[in-house]
Amino acid sequence: MDRKSPTVRRRRLGAELRNRRERAGYSLEYVAEQLECSQSKISRIETGHTSVNVRDVRDLLTIYGAAEAEIQELIELAREARQKAWWHPFSQVLSSAYVGLEAEAVRVRTYEQQLVPGLLQTEAYARATMGILPGRSDEEISSRVRVRMQRQSLLDQEDSFHLWVVLDEAAVSRPVGGDEVMCDQLRQLVVAGNRPNVTLQLLPFEIGSHAGMDGTFAILDFREPGDRSVVFAENATGGLFIDKRDELERYKNLFEHIHTAALGPEQSAERIQQLVEEPLWRSRQRGFAST
């Protein structure tokens with residue numbers, strides 16, 4: 001996998017342009033007037049929500065008084081931000097920029113409440129989760145599964161990518177896709193936990209209430225100092241990206257509390273292996289049958 005992400009470069013370029021505008025002391029209104037465009041266009045460029053052409057980059061940097069060498073450097077970044085990534089053919093089935101950010105992350109810390117995270121899913125489990133929502137065609141489901149499977153090549157980047165998952169026990173206690181599919185998925189989790197760049201912890205039912213009960217989230221960290229970490233809180237319409245410093249710190253502290261409350265990696269692997277041999281859903285079925 002080519003780990004250069006146009007999404008990350010668009011975000012980096014936007015941050016550079018915002019910083020230069022602020023250092024120059026110009027408002028969004030003033031810059032928009034100079035470029036004869038809307039303030040929302042400048043704002044979307046600076047937040048990385050839209051790509052920017054070479055001419056606009058040159059015009060913006062000229063307004064900010066940048067030197068020619070700096071202009072050329074950021075023009076090259078703008079060209080990289082407009083390139084098509086491996087997931088471009090699947091853009092119609094992707095509901096957020098998450099895949100683009102994940103592609104260049106060096107670490108992902110995630111807490112999952114109901115589902116095994118995509119990077120650790122088997123193909124059969126992924127297909128079962130994709131078919132949950134009504135209205136999806138077989139073709140759309142297949143495309144989504146292909147994207148999810150290709151994303152997993154990140155785990156082969158042992159020297160440049162680390163995945164740290166805290167998995168609520170609820171996510172391994174419901175037979176998604178049926179008995180066989182779920183047991184295969186549990187076995188896959190045990191195997192994945194042995195990877196040198198994967199840390200897998202289970203948050204057991206017996207701890208009761210805990211800090212992560214408000215919902216699932218992922219924290220993505222990047223190699224370049226200028227690429228600020230970002231939190232992704234998933235929802236039914238795609239998800240929310242959070243990168244304000246104070247909010248980032250709250251999520252980092254939240255993850256610290258959650259992983260501290262969870263079982264350690266070895267204990268987690270043992271618990272998951274026990275669930276392979278004696279799944280909770282089977283014992284509950286027997287309990288219902290006897291009543």
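Me: How many helices and how many strands make up the secondary structure of the chain?
Reply: Helices, of at least four residues, and strands, of at least two, are DSSP runs numbered from the N terminus. The model under discussion is a predicted one. On that basis, the secondary structure of the chain comes to twelve helices and six strands.

Me: Which helices do the buried residues of H2 pack against?
Reply: Helix H2 covers residues 28–35, and Val31, Ala32 and Leu35 are buried in it. Seen down the axis of H2, these residues fall within an arc of 100°, so they line one face of the helix. The partners against which they pack are helix H1 (6–24), helix H3 (39–46) and helix H4 (54–63).

Me: Which residue with a positive phi follows H3?
Reply: The buried residues of H3 are Ile42, Ile45 and Glu46. They cover an arc of only 95° around the axis, which puts them on the same side of H3. Their cover includes H1, H2 and H4. After H3 comes a residue with a positive phi, near 80°, namely Gly48.

Me: How many nonpolar, polar and charged residues are in the contact of H1 with H5?
Reply: The axes of H1 and helix H5 (residues 68–81) come within 8 Å and cross at roughly 145°, and the crossing is left-handed. H1 contributes Pro6, Arg9, Arg10, Arg12, Leu13, Glu16 and Arg20, while H5 contributes Glu70, Leu74, Leu77, Ala78, Glu80 and Ala81. By class, this contact has six nonpolar, no polar and seven charged residues.

Me: Which residues does Arg12 touch, leaving aside those up to four places away in sequence?
Reply: Arg12 lies in helix H1. Its relative accessibility is 17%, so Arg12 counts as buried. With residues up to four places away in sequence left aside, Arg12 touches Leu77, Glu104, Glu224 and Asp227.

Me: Which residues does Arg20 touch, on the same terms of sequence separation, that is, not counting residues up to four places away?
Reply: Arg20 is also found in a helix, H1. Arg20 is buried, with a relative accessible area of 14%. Not counting residues up to four places away in sequence, Arg20 touches Leu61, Tyr64, Ala66, Glu70 and Leu74.

Me: What distance separates the C-alpha atoms of Leu74 and Pro265?
Reply: Leu74 is found in helix H5 and is buried, with a relative accessible area of 4%. Not counting residues up to four places away in sequence, Leu74 touches Leu13, Glu16, Arg20, Val57 and Leu61. Pro265 is 191 residues from Leu74 along the chain, and their C-alpha atoms are separated by 43 Å.

Me: How is H7 oriented relative to H8: parallel, antiparallel, perpendicular or oblique?
Reply: Two packed helices are described by the angle between their axes and the distance between the axes. Helix H7 (residues 123–130) and helix H8 (residues 138–151) pack at an angle of about 135°, with their axes 9 Å apart. That angle makes the orientation of H7 to H8 oblique.

Me: How do the residues of the contact of H7 with H8 divide into nonpolar, polar and charged?
Reply: H7 passes H8 in a right-handed crossing. Glu123, Ala126, Arg127, Thr129 and Met130 in H7 meet Ile141, Ser142, Arg144, Val145, Arg148 and Met149 in H8. The residues of this contact divide into five nonpolar, two polar and four charged.

Terms used
Residues are numbered from 1 along each chain as its sequence is written. This is a predicted model: local features need pLDDT of at least 70, side-chain atom pairs count only at pLDDT 80 or more; totals for chains, interfaces and linings use all residues. Side-chain values use heavy atoms; hydrogens and water are left out. Buried means under 20% relative accessible area, exposed over 50%, partly exposed in between (1.4 Å probe, protein chains only). The arc is that of the directions from the helix axis to the C-beta atoms. Contact means heavy atoms within 4.5 Å. Axes are lines fitted to C-alpha atoms, for helices over the stretch in contact, and angles run from 0 to 180 degrees between N-to-C directions. Angles under 35 degrees count as roughly parallel, over 145 as roughly antiparallel, 65 to 115 as roughly perpendicular and the rest as oblique. A crossing is left-handed if the near helix is turned anticlockwise from the far one by less than a right angle, and right-handed if clockwise. Ala, Val, Leu, Ile, Met, Phe, Trp, Tyr, Cys and Pro count as nonpolar, Asp, Glu, Lys and Arg as charged, and the others, Gly among them, as polar.
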